[in-house]
Amino acid sequence: MHRWLACFAFAAVVGAQTPSTDVAVGVFPFLVGNMDGRIPEIVTNCQTYGIDTLYVSAFRATGPSTGDLWVTDSAGDWNPAWGAVRSTGAGIHLQNLVTACHNANIRVVAVLKCFADTVQPDNAAHKQYLLNVIDYFVDAYTASGQPVYDLDGIALDYVRYVGGTNVNAANVTNFLVDVRQRIGSLSLHAYLVASRFTFDGPTYDGNFNSYTSVTNSLASQYGQNWQQFAQHCDVLMPMAYTADGSIYNTYARHQAYVRKTAEYARQACTAAGFPTRRVQPTIKTYTGEGETTTTSTIEASITGALLGGGNGYQSFRYQFLVTNPSWWTKMAQYAVPGCNWPRPSFTASSPRLSGTFDPALTIDSDQAAGTLQVRFDYDGDRLFDTLWQPNAPATRLARNPGTFVATMQARDAQGQVAMTRRRYTAGSPIAVTPNSISTTTGGQAQIQIDVGPAGAGNVYLALASISGTSPGFTWQPGFQVPLNVDGVTTLLAGDPNGPLLWNGLGNLDAQGRAAAVLTIPPAALTFLAGLPIWWSFLSQTPAGAAACVGDSKLLTLTL
């Protein structure tokens with residue numbers, strides 16, 4: 001019997017040794033100094049040791065509505081009232097780091113420290129301040145529409161109560177909801193408190209407290225409700241720091257503790273209805289706090305993370321790995337060689353309402369680009385507008401003209417999903433030519449509709465108003481028309497192919513175009529001289545579903 005148990009234990013360890021394709025390292029420049037010149041070194045180490053993702057500390061709150069930006073202000077719109085920028089010279093040029101990493105197929109996630117012992121999650125003003133900081137990172141774009149910080153995700157650190165006794169977990173969860181809304185489809189990561197006392201105290205004998213006991217305690221002590229976190233975060237990262245010299249002093253206990261943190265995070269995801277959420281325990285690769293990291297504690301932590309249902313693991317922190325090469329080697333033992341995630345890239349162009357989204361530059365080091373799958377969220381609402389489809393251009397008809405942020409995800413054969421964003425502008429689909437008609441001599445004006453080929457065959461109706469464009473009216477949910485309804489609107493809509501307006505109702509041609517014609521007879525309507533007539537249109541599919549609406553263009557009647 002003893003021999004069978006020994007064999008079983010051996011098999012479990014062997015199973016844990018399956019290398020992961022979800023291996024990460026945390027880089028904390030504010031603790032190191034100026035790391036701008038070390039970007040090539042960082043990239044080379046990631047490539048050498050199979051690291052797929054960098055977590056880079058980019059901002060740290062220092063008090064109520066203030067903090068430090070530890071990256072170069074490449075966006076150029078950091079508000080000085082928010083805090084200092086690389087005040088000591090420490091930090092890193094995040095934009096250059098992202099570019100270098102993406103060229104090597106390495107992903108980059110920005111880490112933001114949210115709260116501190118001087119400011120807690122019940123401070124509404126500070127939470128709004130943090131949302132402004134998040135906007136700074138995710139809402140800056142170059143002229144070509146590429147994000148200034150083309151990040152693969154935002155990670156929230158210290159997203160919890162930091163000390164204090166009046167803990168209300170709802171304040172933390174509601175903040176997560178607000179962040180989720182701000183960043184759209186961008187991946188959201190969260191560091192989770194994994195207190196060893198909560199899991200195993202006060203005896204620390206490996207007989208762990210129950211899932212319910214642990215998670216209730218973490219919610220009441222720190223405001224982190226793991227099941228609620230799993231509803232809003234894409235990646236849960238229990239901070240499972242353990243090394244020799246303190247609570248655990250055997251390989252088995254180190255492994256068991258990290259394994260249990262991964263198990264409970266996975267259980268929280270399943271209970272929340274998201275069993276495939278990523279779980280990535282953060283393991284200790286530094287010496288301090290009375291503990292000494294060794295290759296043995298690193299291995300125990302990694303195998304524990306993988307045995308517990310973790311997708312991978314994150315090493316904490318980079319600068320200690322550099323000075324302890326054997327630690328890199330131990331990590332590499334449990335990392336699939338190379339950088340294994342897809343590297344999505346696409347262009348977005350929409351001169352009218354028809355947009356083209358071309359993922360031709362999307363790559364993967366493990367498989368041919370043409371075998372990847374992609375899907376698109378065209379307007380940043382976190383609802384993907386396409387199913388998974390081959391890596392090929394897609395077209396979309398925008399609901400209305402305006403500026404949008406599109407998200408594209410790429411998925412490889414192993415099911416790993418990476419994303420990127422692009423900002424684009426859907427141009428005006430309506431023109432009025434000429435833009436004035438004399439009521440004395442009379443004449444005609446064309447209301448030209450051009451939504452592009454994605455609207456081919458759809459039904460359109462030209463609309464007019466003499467009472468302005470604001471507030472307009474809602475035709476269907478999500479389809480706001482910039483015209484005020486008045487007598488002229490109902491008159492022409494009721495007879496869109498009559499003597500005043502011809503071809504005001506019809507089908508768009510193969511290019512998504514049509515032209516309605518307004519006719520003003522000579523000398524018959526001089527009393528209308530000086531009257532502005534605003535034009536727009538509605539369009540629906542042949543089946544009757546709302547498709548798009550136009551902006552508004554002015555036609556003036558002169559004497």
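How many bridges join strand β27 to β29? Read on to point 4 for that one.

1. First, some ground rules. This is a predicted model, where local features need pLDDT of at least 70, side-chain atom pairs count only at pLDDT 80 or more, and totals for chains, interfaces and linings use all residues. Residues are numbered from 1 along each chain as its sequence is written, and side-chain values use heavy atoms, with hydrogens and water left out.

2. Now the overall picture. The C-alpha atoms fill a box of roughly 105 × 50 × 45 Å along the principal axes. Of the 559 residues, 53% are buried, meaning under 20% relative accessible area with a 1.4 Å probe, counting protein chains only. Take contacts between residues at least 6 apart in sequence: 71% of them join residues at least 24 apart.

3. On to the strands. The chain has 13 helices and 29 strands; these are DSSP runs numbered from the N terminus, with at least four residues (H or I) for a helix and at least two (E) for a strand. Strands pair if DSSP finds at least two bridges between them. β27 (residues 532–540) runs antiparallel to β29, joined by four bridges, and Pro532 sits opposite Thr556 in β29.

4. β29 (residues 553–558) also pairs with β19 (residues 436–438), in the parallel sense over three bridges. Here Ser438 faces Thr558 in β29.

Methods: Buried means under 20% relative accessible area, exposed over 50%, partly exposed in between (1.4 Å probe, protein chains only). Contact means heavy atoms within 4.5 Å.
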